Amino acid sequence: MVRLILSRILSAISLLLVISILAFSIVHLMPGSIASIILDAGATPEAIAELEAEMGLDQPFFVQYFDWLKNALQGDLGRSLFFSAPVTKRCLRINEIGLS
């Protein structure tokens, strides 16, 4: 029984890791730069490069992924570009509304 539970836990962790890599990859396959979307079309290349450096988008893919994964495991899912608020707070707020 313990062996079955451990195998299920290991399978769940593996599945979550694969899903997170796929989701992270899909975001990076989108055309354009996140920094250029945030700054709008009239931004200078220098301003875009500066924002990319500030957000860590100038780092290699796996460095960005492991930084995100480390932060996610600590409860920091980043900032929402749409709401300009921490994603974790938004998720907690939505769960709070759903539970009431």
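The largest pocket has a lining of 28 residues, and Phe-24, Met-55, Leu-57, Trp-68 and Gly-78 are those nearest its centre. A pocket here is an open set of points on a 1 Å grid over the protein atoms alone, where a 1.4 Å probe fits, with protein on both sides within 12 Å along at least five of seven lines; lining residues have an atom within 4 Å of a point. The model is predicted: local features need pLDDT of at least 70 and side-chain atom pairs count only at pLDDT 80 or more, whereas totals for chains, interfaces and linings use all residues. Residues are numbered from 1 along each chain as its sequence is written, and side-chain values use heavy atoms, with hydrogens and water left out.

The space in the largest pocket amounts to about 980 Å³, a volume being the space filled by probe spheres set on the points, which are joined across faces, edges and corners. At least two lining residues come from each of helix H1 (2-29), helix H2 (34-39), helix H3 (45-55) and helix H4 (61-73). H1 gives the largest share, 5 residues. Helices are DSSP runs (H or I, at least four residues), as are strands (E, at least two), numbered from the N terminus. By class, the lining holds 14 nonpolar, 9 polar and 5 charged residues. Asp, Glu, Lys and Arg count as charged; Ala, Val, Leu, Ile, Met, Phe, Trp, Tyr, Cys and Pro as nonpolar; and the others, Gly among them, as polar.

Ser-20 lies in helix H1 and counts as buried because its relative accessibility is 12%. Buried means under 20% relative accessible area, exposed over 50%, and partly exposed in between (1.4 Å probe, protein chains only). Beyond its neighbours within four places in sequence, Ser-20 is in contact with Tyr-65 and Trp-68, contact meaning heavy atoms within 4.5 Å.

Ser-33 belongs to the loop between H1 and H2 and, at 17% relative accessibility, is also counted as buried. With neighbours within four places in sequence set aside, Ser-33 is in contact with Ile-48 and Glu-52.

By contrast, Lys-89, in helix H5 (residues 87-99), counts as exposed because its relative accessibility is 60%.

Overall, the protein chain has 5 helices and 0 strands. Of its 100 residues, 12% count as buried.
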